[in-house]
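Welcome! Let's walk through this structure together, one question at a time.

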There are 2 protein chains.
Amino acid sequence: MDDLDRTLISLYAAEPRVGVLEASRRLGVARGTVQARLDRLVSSGVVTGWGPDLSPEALGFPVTAFLTLEISQSAGHVAVADHLATIPEVLEAYTITGAGDLWCRVVSRSNADLQRVIDQVVSVDGVQRASTVMALATQVPYRVLPLLEATD
Amino acid sequence: MDDLDRTLISLYAAEPRVGVLEASRRLGVARGTVQARLDRLVSSGVVTGWGPDLSPEALGFPVTAFLTLEISQSAGHVAVADHLATIPEVLEAYTITGAGDLWCRVVSRSNADLQRVIDQVVSVDGVQRASTVMALATQVPYRVLPLLEATD
DNA sequence: CTCTCGACTGGACAAGTTGCTCAACGTGTC
DNA sequence: GACACGTTGAGCAACTTGTCCAGTCGAGAG
């Protein structure tokens, strides 16, 4: 990761659909260099994809909630997570330290619909209890770019 | 959102760098149709961007933690969030219901480095207390695609 | 029933871009 | 000095993009 890599990523973050040739013009380097850097960023795992970013809100799921689950000792975390993965409204899940055992982000169509989603999560084998916290407003939307500046 | 939109998004999610012409061939529709659908998906807000997805891990920030903050009544949530936004390691933040007032996701270079990040967060004016939960392992990586199937 | 509208098709065109290859040039390492 | 490595700038055929247009089709309005 040098300055060129950082500038390149920033450029693509700002204008994702620029081509390699256009990027090389903007950065003042040869086209082959941009191509090589891009390839390297992808194969080194820094850039994991170029997929379209979807808005759950625009898809009709405006409610976000965070669930902290307690898992019964007999059930494996992985087995529970595999079941959670089959629920579309579960957007991500992590095992965690502290009071709970598993943390997950869910979305729903409405406050009322959230009940249905929570019921689905709680009905997963091994889930003993769920404590729910609702997200009210987004203060800092998900971002990674500032980390670039902190990279050396 | 009809079947064509869903298929189109799935295609781009699977192979983000396919061109419009190639996409139209795969879906068996005219090029103009793909172009029009894509434009509509973007302007309707379903697709919010095409940016490169960066891995905090690969950038040197392998540790993820979730902080629940209590904010003093005199401080506005928004003012606190504005300060949080200046800390690169704060990847997202929401106001929430329940015991805490603000929830945020942070990353750090190591367990030891997490202390530095937490100190930075707690030193923000108005933050009274932070309770920290560390993410141990990713069970379900962030995803939105399954929601597509649940869309009608 | 007929008209109109919007969405889709398939074709065309010039201009631009991609993937690929090549020889040549610095720079830092052994 | 010799070597590897990343970079440069150039060239080429094949392909894609943006932008037109005329024609088709189905749904809803009158």
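Q: Which elements are included in what covers the buried residues of helix 5 of chain A?
A: Keep in mind that this is a predicted model. The buried residues of helix 5 of chain A are Leu114(A), Val117(A) and Val121(A). They span an arc of only 65° around the axis, so they sit on the same side of the helix. What covers them includes strand 3 (63-71), helix 4, strand 4, strand 5 and strand 6 of chain A.

Q: Which exposed residues does the face of helix 5 of chain A turned away from its buried side carry?
A: The buried side of this helix is formed by Leu114(A), Val117(A) and Val121(A). On the face turned away from that side, the exposed residues are Ala112(A), Gln115(A), Arg116(A) and Asp119(A).

Q: How far does helix 5 of chain A reach from its first C-alpha to its last?
A: Helix 5 covers residues 111-122 of chain A, which makes 12 residues. At 1.5 Å a residue, a span of 16 Å is expected. The value in the model is close to that, at 17 Å.

Q: Which element of chain A gives the most to the side that touches chain B?
A: The contact takes 57 residues from chain A and 57 residues from chain B. Several elements of chain A give two or more residues to this side, among them helix 1 (3-14), strand 4 (90-96) and helix 6 (145-149). The top contributor gives eight residues, and that is strand 6 of chain A.

Q: How many nonpolar, polar and charged residues does the side of chain A that touches chain B have?
A: This side of the contact takes 57 residues from chain A. Sorted by class, they come to 38 nonpolar, 14 polar and five charged residues.

Q: How many bridges join strand 4 of chain A to strand 6 of chain B?
A: Strand 6 of chain B covers residues 127-140, and the two strands run antiparallel. One pair of residues to look for is Ala93(A), which stands opposite Val140(B).

Q: Is Thr138(A) buried, exposed or partly exposed?
A: A residue counts as buried with 20 or more other C-beta atoms within 10 Å of its own, and as exposed with 12 or fewer. Thr138(A) has 14 C-beta neighbours inside 10 Å, so it counts as partly exposed.

Q: Why is strand 5 of chain B largely enclosed by the rest of the structure?
A: On one hand, strand 5 of chain B pairs with strand 3 (residues 63-71) of chain B in the antiparallel sense over seven bridges. Strand 4 (residues 90-96) of chain B also pairs with strand 5 in the antiparallel sense, over five bridges. Strand 5 is called largely enclosed because the buried residues number six of its seven.

Q: Which residue of the hairpin of strand 4 and strand 5 of chain B takes a positive phi near 90°?
A: In the pairing of these strands, Glu92(B) stands opposite Arg105(B), and the bridge partner of Thr95(B) is Leu102(B). The hairpin has five residues between the strands. The residue with the positive phi near 90° is Gly98(B).

Q: Which residue of strand 6 of chain B is the bridge partner of Leu69(B)?
A: Strand 3 of chain B and strand 6 of chain B pair in the antiparallel sense over seven bridges. In strand 6, the bridge partner of Leu69(B) is Ala130(B).

Q: Which element gives the largest share of the surface near DNA strand D?
A: The residues around DNA strand D come from both chains, including Thr33(A), Arg37(A), Leu21(B) and Glu22(B). Two elements give two or more residues each: helix 2 (20-27) of chain B and helix 3 (31-43) of chain A. The largest share is four residues, and it comes from helix 3 of chain A.

Q: How many nonpolar, polar and charged residues make up the surface near DNA strand C?
A: DNA strand C is surrounded by residues including Val20(A), Glu22(A), Ala30(B) and Thr33(B). Helix 2 (20-27) of chain A and helix 3 (31-43) of chain B each supply at least two residues of this surface. By class, the residues divide into five nonpolar, four polar and one charged.

Methods: Residues numbered from 1 in each chain as written. Chains lettered and ligands numbered in written order. Predicted model: local features only at pLDDT ≥ 70, side-chain atom pairs only at ≥ 80, totals over all residues. Contact = placed C-beta atoms within 7 Å. Nonpolar A, V, L, I, M, F, W, Y, C, P; charged D, E, K, R; others polar. Pairing = 2+ DSSP bridges. Near = placed C-beta within 6 Å. Expected span 1.5 Å × (residues − 1). Arc of directions from axis to C-beta.
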